[in-house]
Amino acid sequence: QSITETLPMEAVAEATDSKVTVSADEKTVTVDVVAKDAATNGLFTVDYDASVLTLANVTFNTQYSSYKAADGKVSLGYVDLTGVQAAATVATLTFTVNDPTAIDKVSVTVNETERNDAAVTGSENLTSGDLHTATEVTGAKAATCTEDGYTGDTVCAACGKVLAKGEVIPATGHDTEVVGVKAATCTEDGYTGDEVCKTCQA
């Protein structure tokens, strides 16, 4: 006779939460799968969007381990005879980001399905911080007397995604003054002067 006990996931401190981290260049995502309670064995699944991420590597911090990867899902199993402590990282999954310009955040779900040979139900929906936080302005051009300028586009410094389009700065027009004015005298002609632009001298 087989009995399967379903244990509820206990409320745990933030330190025991699994986590997702995006590299500074936004090309790599790391997921740390964390044990919620002390255990000698367990099973997890990690669900992800295969159109966004590609699994590159799985590293375990346990004595014995195995994983199975399919598009959008990785199943993880481990045994550690000395025991894994609560809040310890059981496995680290590394993904490559298929197209950093196509996303603003990365989301994965970590499900714990078994702990110490007993069925458990627990799910963590993990979302990375915003991507594209390091920005720069490109294509900026000052307006001249006769040509429009451009404020420039705000782009992600890591991947080049355009986050905000710039605006046209209207041409300033000529700011003129009269130069070369000469008053006429009894013996010499005068001159009304030339109107020239103070900025471009045209």
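1. A56 counts as exposed, because its relative accessibility is 52%. The classes are set by relative accessible area: buried is under 20%, exposed is over 50%, and partly exposed is in between, with a 1.4 Å probe and protein chains only. A56 sits in strand β5, residues 53-60. Strands here are DSSP runs of type E with at least two residues, helices are runs of H or I with at least four residues, and both are numbered from the N terminus.

2. The model is a predicted one, in which local features need pLDDT of at least 70 and side-chain atom pairs count only at pLDDT 80 or more, while totals for chains, interfaces and linings use all residues. Residues are numbered from 1 along each chain as its sequence is written, and side-chain values use heavy atoms, with hydrogens and water left out.

3. Which residues does A56 touch, not counting residues up to four places away in sequence? They are T94, F95 and T96. A contact means heavy atoms within 4.5 Å. A56 and T30 are 26 residues apart in sequence, and their C-alpha atoms are 9.9 Å apart in space.

4. Next, the protein as a whole. It has 17 strands and zero helices. Its radius of gyration is 32 Å, well over the 17 Å that the globule rule gives for 202 residues, so the protein is more spread out than a compact globule. That radius is taken over C-alpha atoms, and the globule rule is 2.2 Å times the number of residues to the power 0.38. Along the principal axes, the C-alpha trace spans about 130 × 30 × 25 Å. Of the 202 residues, 32% count as buried. Among contacts with a separation of 6 or more, 56% come from residues 24 or more positions apart.

5. Strand β5 belongs to an open sheet of four strands, in the order β2-β3-β8-β5, with antiparallel pairing. Two strands pair if DSSP finds at least two bridges between them. The edge strands are β2 (19-22) and β5, each of which pairs on one side only. The twist from one strand to the next averages 20°. For such angles, axes are lines fitted to C-alpha atoms, for helices over the stretch in contact, and the angles run from 0 to 180 degrees between N-to-C directions.

6. Within that sheet, β2 and strand β3 (residues 28-34) pair in the antiparallel sense over four bridges. K19 has D32 in β3 as its bridge partner, and V20 stands opposite V31 in β3. The hairpin of β2 and β3 has five residues between the strands, and E26 in this hairpin takes a positive phi near 60°.

7. A second open sheet has three strands in the order β11-β13-β14, again with antiparallel pairing. Its edge strands are β11 (135-138) and β14 (162-164), each pairing on one side only. Neighbouring strands of this sheet are turned by 45° against each other on average, direction ignored. Four bridges join β11 to the antiparallel strand β13, residues 153-156. V137 has T154 in β13 as its bridge partner.

8. The count of aromatic pairs is two. F44 and Y78 form a stacked pair, at 6.5 Å centre to centre and 20° between the planes. F44 lies in strand β4 (residues 39-48) and Y78 in strand β7 (residues 73-84), so the pair ties together parts that are 34 residues apart in sequence. Under the rule used, rings of Phe, Tyr and Trp (its six-membered ring) pair if their centres lie within 6.5 Å; planes under 30 degrees apart count as stacked, over 60 as edge-to-face and the rest as tilted. Both F44 and Y78 are buried.

9. How many disulfides are there? The count is zero, where a disulfide is a pair of cysteine sulfur atoms within 2.5 Å. C159 has its closest cysteine sulfur in C156, at 3.7 Å, which is too far for a bond. C156 is buried, with a relative accessible area of 2%, whereas C159 is partly exposed at 23%.

10. Last, a loop residue. E147 is found in the loop between β11 and β12 (149-150). E147 is partly exposed, with a relative accessible area of 43%. Leaving aside neighbours within four places in sequence, E147 is in contact with K141 and A171. E147 and T82 are 65 residues apart in sequence and 74 Å apart in space, C-alpha to C-alpha.
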